[in-house]
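Subject: The structure for you to look at

Hello,

Here is the structure I promised to send over. Please open it beside this email so that you can follow along.

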Amino acid sequence: MKIAVFFPELIRSLFKKTATVDYPFKKLEVPKGFRGTPFLHPEMCIVCRACERDCPAEAIEITSVNEAEKKFRMVIHNDRCIHCAQCVDSCPTTPKAMGIDSLFELADFDRHNLKKEWVYVRAVIKPKAAAPKPDAAPEAAPKA
Amino acid sequence: MKFQIPIGPQHPALKEPISLRMTVEGEVIRDADIRLGYNHRGLEKLAEEKTWIQNIYLTERICGICSHSHATCFVQGVEKLMEIVPPKRGLYIRYLVSELERVHSHLLWLGVAGHEAGFDSFFMYTWRDREIVMDLLELISGNRVHYAINTLGGVRRDVDEGQKAKILEGIATLRKRSEYYFHIGANEPSFVGRIAGVGLLTKEQAVSLCAVGPTARASGITRDVRKEDPYAVYDEMDFEVGTADSCDVLGRVVVRVKELLESYKIIEQILHKLPAGDIVVKAPRKAKPNEVVSRYEAPRGENMHYIKSNGTDKPERLKVRAPTLANYPATVEMLRHGFIADIPLIFAAIDPCICCAERTVSLVNVRNGEETTVRLSDLRRRAIEQHKNAPPKRNAVWPF
Amino acid sequence: MTDIEIVERLKRDLGPEALEVTNPDRRRIFLKVGSGDLVAAVTLLRDKYDCAYLATISGVDKGETFEILYHFASPAANINVRTEVPKASPHIDSITAVIPGAILYERELQDMFGLVVDRIPDPRPLVVPDDWPAGNFPLRKDWKFERPPEIIPGGKS
Amino acid sequence: MAVLRTFLYLLVYPGLLFLFVYSTFCEWFDRKVYARLQNRMGPTHTGRFGLLQPIADFVKLLAKEDIVPEAADKSLFSLLPVFGLAVVSTAALLLPVWNFDLAAPGMTSFSGDIIVILYLLSLPTLILFLAAWSSTNLFSTIGGSRVLTMLFGYEVPLFLSVLSPAILANSWRLAEIAAFYQKKPLLILPNLLGFVIALIAVQAKLERTPFDIPHAETEIVGGTFTEYSGKKLAFFRLMMDIELVVASGLLAAVFLGGFPGGAIIGFVHFVIKTLFIIFLLALLRALTSRIRVDQVVRLAWKYLAPLAVLQLLIVILLKGFLK
């Protein structure tokens, strides 16, 4: 047992640069691959609804605007989004229609402002990786 | 003269709501009672309505600190149910994250222990260095808290060479710092005086009250699921189970620092042995009717998930046992005959994660976003009205 | 002790009381006993199989019956004792006399499934709120929670 | 002229105005040093370098709702913060900064003022106890009993260690003690042990870590201050700040040779010496963890009090030797 074991470290840090950052005035960089806000490349979306089905927070909503023109509307509720990026993983197109950027300062006074909306015509690109999965896919049966 | 003091559900020492009723006599605690249920989110019921994929993220949100633990425990079980075997590289990355999480959790705990003892410098320094491991986790997974790196059949993100080098560098710094904290924690007289001999839990009590994790290991029980029931990669790793037999809070500090050092060892081994190959295999959407018990050594002790499937894409039953719940009976025993001043330390020594331990009832409508604007004057008027009707509390129990 | 040895020993020790012993996975043993033999089986496990550590108790609603699983862990294996009680008279004996640490799990079981744990030392509700309506047991399959419609000011979309 | 001087003394320096400004500055200094020792920033944005932060906190607290509990003794509960503020401000007037004549004792500097200032510094503790007791909250009550328990621990070592330089200087008057050590600065050295003891005791008196037991937030919420809010809490906090200034001023006057050189140079002395002591107190705060109340009493009677007696013995022997 010694007295004042912390002393040298305390005195040393008195002359060191602070470890904390003056946050709103100085910002730290987020690493590449940070999971921020999800967004849509509307020209790629084939409306397979995989993201809507897999979203754990039910934050993605796809509705049909005009059946004849194949016009759809996607709403991402960022107030509910849990930033897991499962929608990006589930997206079957290549390149992916769903993306995620590194925005993280989302706070707002109104939940309305956190909604993002895209109205677009369904793309007809053939997905390379996998066919768009219908809801009860036959290939989803467990391997025997 | 005995009187009861309420610790919680709102109390500065508790970061989450739980109610501890202490019957004290002067400064000495005579009896303690625990009341749970302030933080229920109905996860077990909710899990029955979500698909396997969605449940990964749901279980991840059981806890904010050991988020990876619950998700991994769940995923391990579901992979067995679906009869898929994740590729080696995927497993290595998954348990790399899980060891990094243990490091982050234990550093956090060291800081909390310091804060509860009023040792704020220790708190600031440990949390400063915890940032290193948080940044590493952010680098690997893209998020600081909910890593979401697990998926059925492997992991979602690969680790490249640059990240590997950064992790090794960070671990080297952390090892040095942890040794320094061990030095501080074992030598600062005011701190040691607060934690040595406090919160005694004998080995017999620990066994009979089913204590888990560092709490049990500090009482001399070598129970670590990683050694006892080695899952996934742990039978290929060389590490020891840190124990102490002082049975007090100091012992729990020692066990956690030992575990930190062992975790650094495991992380280095994982990175050096990291095999090449895929990180994920494709998982089916449904699982055959079966049941599985999945065990996982979380930073706080053993996690156990009992998962039962019924052939659909949703679980029939998901039972989550978080380590904190298992430690509550032991905590009551430890609190007895302590001082009021020891309450936060003893309670913090089990590293309580209350939201882990409480997850069952689906009652709280978090989603019921019924928002009405109440003007301050209305609020005031309402408060005054309520106050008028309330019986006067003049005859409240006066303790002395 | 390997899994097969444990299974054999359990069959030998318990005799006809062991209704079913299975070993579906490495280190996972499921043992089924009648609800009346539970305490005896648990005592045996504690004394002879080093299973003083009860990990948790899970309940499963199987329609007509409740299935209750006591998950024990010993250094050798994870032994799960399964028993069933009919929904009509959901009574089970408390094992707190054998394993004191089971108290919280038994109280949780009472709250969640409406099981009656006989001879439990502390039967107060554990997790449900004080004003929880009687007769509501959330983890029963017939208990449905109506999620109130979500009201976001201005509507959902 | 004398009347004007007295008014200046009472209201400007070292009276209320100076005390308010300087005590908030000292709080800022304490917080900043504490933060820098922990590798943090401390107050940064209110005013230059966050200098106005304590004043901003004070003003904010003044604007907050002021709640008096139903069960509390209302008049006592409301009166105590003001009373405490008055007591410590009075104690500040006894510090020998200026407006004293070594030859002729006056209102602000007289023989025995060291005892009076120590007595006035003991009163806040009792006020805190009464405040805790009158708020009838359980946590406050526990905090109040801890205040008193601690008082029995640290008061004796503090008195013994502060009186030993007085014995060496052969005076019970602060100004004379200070003048004595100004003449013979080497004699400060034998009092070093007493200085350390007094520092620890002052830390306990000010209820700062490791002695923040009466309002240990992780144990008993706010302790003595649990029920206080708004203006009353603001006054209590100001009281603690002024007590910090007065206590460090007292230590500076007794152990570090006082504040020579009249109003202006004396002012510089005052600032440098008190800031030095506050720095030491902040360092002590950063170095240790909170201890238990039984440990405080044990520490005080097992180590501090015997050491203070030893210090007295040294001083008495030295005095005989010097003669």
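Below is what was found in it, taken chain by chain.

First, some housekeeping. This is a predicted model, in which local features need pLDDT of at least 70 and side-chain atom pairs count only at pLDDT 80 or more, while totals for chains, interfaces and linings use all residues. Residues are numbered from 1 along each chain as its sequence is written, and chains are lettered from A and ligands numbered from 1 in the order in which they are written.

Let us begin with chain A. It holds an open sheet of three strands in the order β2-β3-β5, with antiparallel pairing (strands are DSSP runs of E with at least two residues, helices are runs of H or I with at least four, and both are numbered from the N terminus; two strands pair if DSSP finds at least two bridges between them). β2 (60–66) and β5 (115–121) of chain A are at the edges with a single partner strand each, so one side of each has no neighbour in the sheet. Strand β3 (residues 71–77) of chain A pairs with β5(A) over seven bridges, and A:I76 sits opposite A:K116 of β5(A).

Chain B comes next, with 15 helices and eight strands. Of its 400 residues, 57% are buried (20 or more other C-beta atoms within 10 Å of a residue's own make it buried, 12 or fewer make it exposed, and anything in between is partly exposed; the C-beta atoms are placed from the backbone). Strand β6 (residues 290–298) of chain B has seven of its nine residues buried, so the rest of the structure largely encloses it. β6(B) runs antiparallel to strand β7 (residues 301–309) of chain B, and nine bridges join them. The two strands, β6(B) and β7(B), form a hairpin with two residues between them; B:Y296 has B:N303 in β7(B) as its bridge partner.

Chain B also touches chain D: 30 residues of chain B are in contact with 26 residues of chain D (contact needs C-beta atoms, placed from the backbone, within 7 Å). On the chain B side, the elements giving two or more residues are α4 (88–116), α5 (120–141), α7 (189–195) and α13 (343–349).

Now for helix α2 (residues 38–48) of chain C. Its buried residues are C:L38, C:A41, C:V42, C:L45 and C:R46. Down the axis of α2(C), these fall within an arc of 135°, so they line one face of the helix (the arc is that of the directions from the helix axis to the C-beta atoms). The face of α2(C) turned away from the buried side carries the exposed residues C:D47 and C:K48. After α2(C) comes C:D50, with a positive phi near 65°.

Finally, which residues have the most contacts inside the largest nonpolar core? They are C:F72, D:A198 and D:V246, in a core of 288 residues (a set of buried Ala, Val, Leu, Ile, Met, Phe, Trp, Tyr and Cys residues joined through C-beta atoms within 7 Å). Helix α10 (residues 230–255) of chain D gives the most to this core, with 16 residues. D:F235 is found in α10 of chain D and is buried, with 21 other C-beta atoms within 10 Å. Leaving aside neighbours within four places in sequence, D:F235 is in contact with D:P81, D:V82 and D:L85.

Enjoy exploring!

Conventions: Contact = placed C-beta atoms within 7 Å.
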